[in-house]
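Student: I'd like to go through this one with you. Can we start with how the terms are set?

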Amino acid sequence: MAALRISRVEARPLDLALSEPFAIATGALLAANNVLVTVTLEGGSLGLGEAAPFPAVSGETQASSLAALRALAPLVEGRLATEWRALAEALARSVPSEPAARAGLEMAIVDALTRALGVPLAALYGGAGQPLATDVTITAGDSEHARRSAESFARRGFRTLKIKVGAASAGDDAERVAEVHGAAPDARLVLDANGGYDEAAALELLRLLERRQVPIALFEQPIPRGDPRALAALRRLSTVPLCADESARSAQDVLELVALGAVDAINVKVMKTGLVEALAIIEIAKAARLGLMIGGMVESEIAMLHSAHLASGLGGFTEVDLDTPLFLERGPTVEGYPLDRDRLVLDLGQSGIGRTLA
Ligand SMILES: [Mg+2]
């Protein structure tokens, strides 16, 4: 067992250039200023993790993640990686408001453990073996940008397009979404407002799209977090299923959304909650028969492959939103991000996430 003891935790800036700004209703990210977390076990296994703070979503920054990781390292050094669930609880008690940092450290511990044991990550999480095909995001911008993005993504084989709305008026957004539908008529469309509308504007957008006969599969976070009753009221009027993202930042949030019948689906991101609490959210959503999306912040292949293994191993995911490595000029690993058209090619015979640092 000594070989599975955590000997060292290291955290350093992981600055990744983006091929275009990642613009959403609440702001734009011009570069991914993330944190690379490595965990070394006494037996020599090295685990990789990544914290991806998104300041416009949660207020976390690269500096706050680095500071949190400096505080967390002594809590896990000298402990067994096999105790990853208990360690996660200690981390959550220590820095409750830095979930991205905790997620990065939890991922690195579990990655190191599975590498030491020679076990594929997806097998550790459950072995369901669900195949995953990801959507791709059309970031907030003008109609011309939306049209060009839709054409290019459809040509590359993406079957679901997630359109960021809520940065403009419902009328302008309806125009943009219709432009996307015209450019990629076979694509399934998901909308994500990141809380950028009020109830009236959200309903107005759906009404305008209905009039233009643009089918929408799912509408994510139409209104801001913090008012689950308003979300429940909106769901009763909406012609499209609703998904909670910002409104689902904890297992407690999800219990409340379930009790109120506020949404049809939950977007699970380990960066919002840490890894172990994401597992609790998945259990609650499954028991309530809600749809499940696996998503992320602006993450490289390190964090996104971990989430892919989690989703594939647990199974039951109805939406896959693991596309941000496509927006990076270059990822941090030798092997990169394994996409074949829109399908993730996970090596389920390899331990850990199967990646080595470049
Ligand atoms: Mg979202």
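Tutor: For residue classes, Ala, Val, Leu, Ile, Met, Phe, Trp, Tyr, Cys and Pro count as nonpolar, Asp, Glu, Lys and Arg as charged, and the others, Gly among them, as polar. This is a predicted model, where local features need pLDDT of at least 70, side-chain atom pairs count only at pLDDT 80 or more, and totals for chains, interfaces and linings use all residues. Residues are numbered from 1 along each chain as its sequence is written, and side-chain values use heavy atoms, with hydrogens and water left out.

Student: OK, which classes line the largest cavity?

Tutor: Its lining has eight charged, six nonpolar and four polar residues. A cavity here is a set of points on a 1 Å grid over the protein atoms alone where a 1.4 Å probe fits but cannot get out, and lining residues have an atom within 4 Å of a point.

Student: Which residues lie nearest its centre?

Tutor: Phe22, Lys164, Lys269, Gly296 and Met297, out of 18 lining residues. Domain 1 (2–118) and domain 2 (123–344) each give at least three residues to that lining; the bounds come from an automatic or database domain assignment.

Student: Switching to the metal: what are the protein donors of the magnesium ion?

Tutor: Asp192 (OD), Glu220 (OE) and Asp245 (OD), 2.1 to 2.3 Å from the ion. Donors are N, O and S atoms within 2.8 Å of the metal (3.2 Å for Na, K and Ca); water is not among the atoms, so sites may look incomplete.

Student: And how are they spaced along the chain?

Tutor: The spacing is D-x27-E-x24-D.

Student: Is Glu220 buried or exposed?

Tutor: Buried, at a relative accessible area of 0%. Asp245 is also buried, at 1%. Buried means under 20% relative accessible area, exposed over 50%, partly exposed in between (1.4 Å probe, protein chains only).

Conventions
1 Å grid on protein atoms, 1.4 Å probe; cavity = no way out; pocket = protein on both sides within 12 Å on 5 of 7 lines; lining within 4 Å.
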